[in-house]
Amino acid sequence: MEYIALKCEECGLVSILPRNYFDGYGCIECDGVVFVIGDAKIYGKRVSEMTIDVEVNTKQLDKALKKAEKLAKVVADLNMEINNLGNE
Ligand SMILES: [Zn+2]
């Protein structure tokens, strides 16, 4: 895939950018830490095919978002545990 979808840990914004641009990239909205949620595709010219493509793509994005949310929770829990360790 040419593009990747990223989600911001801070504000939750999902952004899409060319894969080769992704290098230490921060959130375009708040400069927060972003993580990759999956491959992305951008549609443009063929309007007749667009509806079907977008529907499929949205379903895949939903799946990716659910995975990302789970991952974010794991990371948050881990962060909490690490912080608690520091306080002991
Ligand atoms: Zn953000």
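Two residues are taken to be in contact if their C-beta atoms, placed from the backbone, lie within 7 Å. By this criterion, residues 24 or more positions apart account for 47% of the contacts in the chain with a separation of 6 or more. The model is predicted, and local features are considered at pLDDT of at least 70, side-chain atom pairs count only at pLDDT 80 or more, and totals for chains, interfaces and linings use all residues. Residue numbers start from 1 along each chain as its sequence is written.

The chain has one helix and three strands, where helices (H or I, at least four residues) and strands (E, at least two) are DSSP runs numbered from the N terminus.

The three strands form an open sheet in the order β2-β1-β3, with antiparallel pairing; two strands are said to pair if DSSP finds at least two bridges between them. Because β2 (14–18) and β3 (34–40) stand at the edges with a single partner strand each, one side of each is left without a neighbour in the sheet. From one strand to the next the twist averages 30°, with axes being lines fitted to C-alpha atoms (for helices over the stretch in contact) and angles running from 0 to 180 degrees between N-to-C directions.

Lys7 illustrates both pairings: its bridge partner in β2 is Val14, and its bridge partner in β3 is Phe35. Tyr3, in turn, stands opposite Ala40 in β3. The hairpin of β1 and β2 has five residues between the strands, and Gly12 takes a positive phi near 80° there.

Turning to burial, 8% of the 88 residues of the chain count as buried (20 or more other C-beta atoms within 10 Å of a residue's own; exposed means 12 or fewer, partly exposed in between, with C-beta atoms placed from the backbone). The largest nonpolar core consists of six residues, namely Ala5, Leu6, Val34, Ile37, Ala40 and Ala68; such a core is a set of buried Ala, Val, Leu, Ile, Met, Phe, Trp, Tyr and Cys residues joined through C-beta atoms within 7 Å. At least two residues of this core come from each of β1 and β3, and β3 gives the most, with three residues. Ala40, one of the core residues, touches Met1, Tyr3, Ile4, Ala5 and Ile16, not counting residues up to four places away in sequence.
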